[in-house]
Structure formats: structure tokens, C-alpha cells
Amino acid sequence: MKPSRGDRMLQASIYALLAAFGIATLYPFWNALVVSFNTGTDTALGGPTVWPRQFTLENYAIVFQDGRLSNAFLVSAARTVAGTALSILFTAMFGYGMSVRGLIGKKGYMVFCVVTLYFSGGLIPFFLLVRQLGMMNSFWVMIVPSLIGVWNMIVFRTFFAELPAGLAESAKIDGCGHFGVFFKIVAPLSGPVIATLSLFTAVYHWNDWFTAGIFISKPELLPIQTVLQQIMNSNIMSEQLMQTNAAAQEHMARMTGVTTKSLTMATMMVATIPVVLVYPFLQNYFVKGVLVGSLKE
């Protein structure tokens with residue numbers, strides 16, 4: 001049946017609205033990307049930045065020559081890999097334990113966990129606890145406090161609880177304990193939920209700057225997002241120049257088109273693009289991850 005004129009107008013209006021929403025969503029990212037490839041002095045003149053008016057790679061040259069930024073990038077990568085792997089492992093194990101049928105005190109444990117979603121001890125008690133544990137200025141202070149996420153545990157528990165009970169029972173008959181059931185039966189069947197929660201956890205570790213800003217004062221342990229936050233707080237170019245190493249200072253001295261804003265945008269792109277590139281490879285798991293709990297025995 002041929003659509004009527006009203007249907008075509010409605011469809012066109014919907015497409016126009018979605019296009020406007022897409023542009024409004026993507027333009028800030030596109031603008032930052034354009035500014036990072038444009039000379040800072042030209043950007044300072046104002047005007048629309050739909051495309052680099054004076055294309056340059058000077059901003060990225062300084063970013064990659066600055067050893068402080070390169071080290072921060074490696075710290076973020078190490079934190080993301082180690083933090084995601086350990087968090088998913090311990091949270092999944094916790095979720096499996098909470099999904100075991102007949103667990104004594106399960107409701108009490110669950111209430112205790114849910115309370116932490118609504119209440120916390122506060123920043124000052126948390127700071128004092130971290131200091132007493134000796135984790136100040138430590139790489140592990142960015143990993144251990146967030147090792148287990150209660151919300152992720154609940155998602156894991158829901159998924160594990162819907163797996164057929166016969167799988168675990170048959171494995172136990174063959175001599176497997178709880179660890180054997182988890183690693184040999186449950187974990188291999190949990191690819192979608194593990195991939196989905198791994199991505200969320202990795203994005204958290206990569207984007208978090210607050211933890212390092214509070215508990216770490218050693219420059220060599222700062223992740224890229226914390227360094228980026230410090231750069232964005234630099235109001236004048238001389239401050240940023242003092243923070244870079246000697247090689248980057250010499251390189252920056254030869255470049256007259258670099259400003260704090262252009263350097264900030266280049267650093268932001270270096271810190272953002274790795275996470276953006278991960279999404280297309282895991283997008284298929286999101287559909288499966290949404291169906292967590294739909295499996296029936």
C-alpha cells in the first residue's frame with residue numbers, strides 16, 4: 001500500500017529530528033577533533049570549525065613527544081587491562097556464589113550489598129582507610145577499591161541463576177567443585193554478559209581521573225585522564241610549558257601555532273579514541289547482554 005502524503009511528511013519529520021539529534025550529539029566530538037588538527041592561533045580567531053582551516057600535526061607531535069603524556073597513556077592502559085580483568089573475575093565469582101541455590105544467609109548478604117548502592121562512608125573516611133592500608137601513591141589504589149561492583153554482581157547473579165541447574169549438578173557428579181563448575185561450565189557460557197560488563201568496567205577505568213587525583217601525587221603514576229584534567233586547568237601556555245619535559249619544550253618553542261586549547265584537544269583525542277574504537281567490536285554483545293535473565297531451564 002502506497003503511503004499517504006501525511007505518512008510521508010511524518011516520516012520526513014522523524015528523519016529530520018533524528019538527523020538534528022545526531023548532529024547535536026556528534027558535533028562536540030567532531031569540533032574537538034577538528035581543533036586538534038588546526039593551528040591554535042587560527043582557532044583563537046573564532047568562527048565555525050567544521051573543518052581544519054590550517055591543518056597541522058604540531059599538537060599531536062607535542063603530545064607524543066612529551067614523556068609525561070606517553071607514560072600516563074601506558075599507566076591508563078595497564079590500569080584498564082588489570083583493573084578490568086581482576087574486577088570481572090572477582091565480581092563474577094561473587095555473583096556465582098550469590099546465585100548458588102541453598103546458600104545459607106543469601107538474603108542477608110544481598111541486603112548488605114544493596115545498602116552499599118545507596119550509602120557510602122564518605123570521601124574522608126575512604127581517604128583515611130586507603131592511607132591506613134598503605135595504598136597511597138600506589139598503582140593498586142586505582143584497582144583494589146573498585147575490585148567488586150555490586151551492580152555488576154547483581155547482573156552476573158541474575159544471569160547465572162537462569163542457567164539450567166542440571167549443568168552444575170552433572171558437573172558435580174563428575175567430581176567438580178564450585179570452582180570447577182564456575183571456570184569449566186558457567187564462565188564459558190557467560191560470554192555475552194562478561195563482554196558487556198567488561199566494556200563498561202574498562203570505560204570506567206579508562207575515564208576515571210578522580211581516584212588518581214585524590215590518592216596519587218607521584219607524576220609517574222598518574223593516568224592520562226588525570227593528566228588531561230591538569231592540562232585543562234592550565235590557564236596560560238607557560239604553565240603547560242613548565243609541565244612538559246625538555247624535549248617537548250624544545251619542540252614547542254619552534255612551533256608558534258600551538259595554544260593551550262589546541263594542545264588540550266589533541267590530548268583529549270588521544271585519551272578518547274582508544275575507547276571509541278572498542279565499541280564497534282563489542283556492539284553485537286550488547287544485544288545479547290540486554291537479554292540477560294531471559295534464558296530458561
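User: Which residues form the nonpolar patch on the surface?
Analyst: Bear in mind that this is a predicted model. The patch is made of Leu123, Phe126, Leu129, Leu133, Trp209, Phe210 and Ile214, and together they have about 620 Å² of accessible area.

User: Which elements give two or more residues to it?
Analyst: Those are α6, residues 123–132, and α11, residues 210–215. The top contributor is α6, with three residues.

User: Take Phe210, where does it sit?
Analyst: Phe210 is in helix α11.

User: OK, zooming out. How many helices and strands are there in the chain?
Analyst: 15 helices and zero strands. The chain has 297 residues, and 37% of them count as buried.

User: What's the accessible surface of the chain?
Analyst: About 17,300 Å², with carbon and sulfur atoms holding 70% of that.

User: How much of the contact set comes from residues 24 or more positions apart?
Analyst: Taking contacts in the chain with a separation of 6 or more, 73% come from such pairs.

User: Now inside. Is Ser36 buried or exposed?
Analyst: Buried, because its relative accessible area is 0%. Ser36 lies in helix α1, which covers residues 5–36.

User: What does the Ser36 side chain reach?
Analyst: The backbone oxygen of Leu33, at 2.6 Å.

User: And beyond its neighbours within four places in sequence, what is Ser36 in contact with?
Analyst: Thr56, Asn59, Tyr60, Ser262, Met265, Ala266 and Met269.

User: Asn59 and Tyr60 are among those contacts. Which residues of α3 are buried?
Analyst: In α3, residues 58–65, the buried ones include Asn59, Tyr60, Ile62 and Val63. They cover an arc of only 160 degrees around the axis, so they're on the same side of α3.

User: Why would residues three or four places apart point the same way?
Analyst: An α-helix has 3.6 residues a turn, so residues at that spacing point the same way.

User: Last one, Ala92. Which helix is it in?
Analyst: Ala92 is in α4, residues 67–99. Ala92 counts as buried because its relative accessible area is 4%, under the 20% cut-off.

User: What is Ala92 in contact with, leaving aside neighbours within four places in sequence?
Analyst: Three phenylalanines: Phe156, Phe160 and Phe182. Also, the C-alpha atoms of Ala92 and Met153 are separated by 6.4 Å, with the two residues 61 apart along the chain.

Terms used
Residues numbered from 1 in each chain as written. Predicted model: local features only at pLDDT ≥ 70, side-chain atom pairs only at ≥ 80, totals over all residues. Heavy atoms only, no water. Helix = DSSP H or I, 4+ residues; strand = E, 2+ residues; numbered from the N terminus. Buried < 20%, exposed > 50% of the residue type's maximum accessible area, 1.4 Å probe, protein only. Contact = heavy atoms within 4.5 Å. Areas by Shrake-Rupley, 256 points an atom, 1.4 Å probe, with all protein chains shown as cover. Polar contact = N/O pair within 3.5 Å; in protein donor to acceptor, adjacent residues only side chain to side chain. Patch = residues over 30% accessible without salt bridge, like charges linked within 9 Å, V, L, I, M, F, W, Y side chains within 5 Å. Salt bridge = Lys/Arg side-chain N within 4 Å of Asp/Glu carboxyl O. Arc of directions from axis to C-beta.
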